[in-house]
Amino acid sequence: MSTNLFPDLDSTRPPVVINGLHKSFGDNEVLKGIDLTVQQGEVVCVIGPSGSGKSTLLRCINLLEAPTSGSITLLGAEMTNPDVELNQVRTHVGMVFQSFNLFPNMTALGNCVIAQRQVLKRSKAEAVEIAKKNLELVGLSDRMTYHPAKLSGGQQQRVAIARALSMDPKVMLFDEPTAALDPELVGDVLAVMRDLAEAGMTMIVVTHEMLFARDVSDRTIFMDGGVIVEEGPSAELITAPSEKRTQVFLKRVLDPTHIEDSELGETEPD
């Protein structure tokens, strides 16, 4: 794979800048002032317990959830500005969810073609060529004519990634993309994500895969209670966190027999 998928993007301008982000659902304040800047080509993993606000943060970035206050600048566009063309910005941002969200009546190839045709207005021939290239990239060149029901969960998730890549995104957002997969299928999806990271894709990944975070991401953020408790180079944070709360969380995740409920505290759903 090439060393940089996006040589035309200004690497001096951070593609994601978040300042003072708050998000409440009624009386439940889920995000309590998040500041985060992601540089071009950087891979950032977001970890933390359920209810820490990880998924809400990701969904706020491209305004699938509207922030209560604060600002989000995505690829130079102020997403919280009422005059911004949200759909235009979103075409440059790929998002992969826990659920695959594939069209069951379409083949893997068809799933990767439809958005290109409807949103980017590409010709059928161009869209098919790009879809085939990305299905090959994720190791599914022999499954292009299969419908989702004939694919494993890991294969469906790789189709979802190929579909996102077919839109030529500048940023990829992953919301626990392996959470719904059987353990033996996780590695194939993580391998694709590793390849994307090595190719220069800017990625924000909400994950419970600590080894992936340690070995692949440049920086890891630990969230709890709607705030960033700790962040730093991934290898350092995963192996030697400085904050007590991070230490307790990682002990519990890396060694499930080590549970200190009294130190974990109460959380609300993401």
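Mentor: Asp168 sits in the loop between H5 and strand S7 (171–175). Helices here are DSSP runs of H or I with at least four residues, strands are E runs of at least two, and both are numbered from the N terminus. The model is predicted: local features need pLDDT of at least 70, side-chain atom pairs count only at pLDDT 80 or more, and totals for chains, interfaces and linings use all residues. Residues are numbered from 1 along each chain as its sequence is written, and side-chain values use heavy atoms, with hydrogens and water left out.

Asp168 has a positive phi of about 55 degrees, yet it is not a glycine. Most residues other than glycine have a negative phi. Asp168 is partly exposed, at 32% relative accessible area (buried is under 20%, exposed over 50%, partly exposed in between, with a 1.4 Å probe and protein chains only).

H5 covers residues 153–165, and its axis comes within 8 Å of the axis of H6 (residues 183–198), crossing at roughly 20 degrees. Axes are lines fitted to C-alpha atoms, for helices over the stretch in contact, and angles run from 0 to 180 degrees between N-to-C directions. H5 is therefore roughly parallel to H6 (angles under 35 degrees count as such).

In H5, Gly153, Gly154, Gln157, Arg158, Ile161 and Leu165 meet Leu185, Asp188, Val189, Val192, Met193 and Leu196 of H6, where contact means heavy atoms within 4.5 Å.

Methods
Angles under 35 degrees count as roughly parallel, over 145 as roughly antiparallel, 65 to 115 as roughly perpendicular and the rest as oblique.
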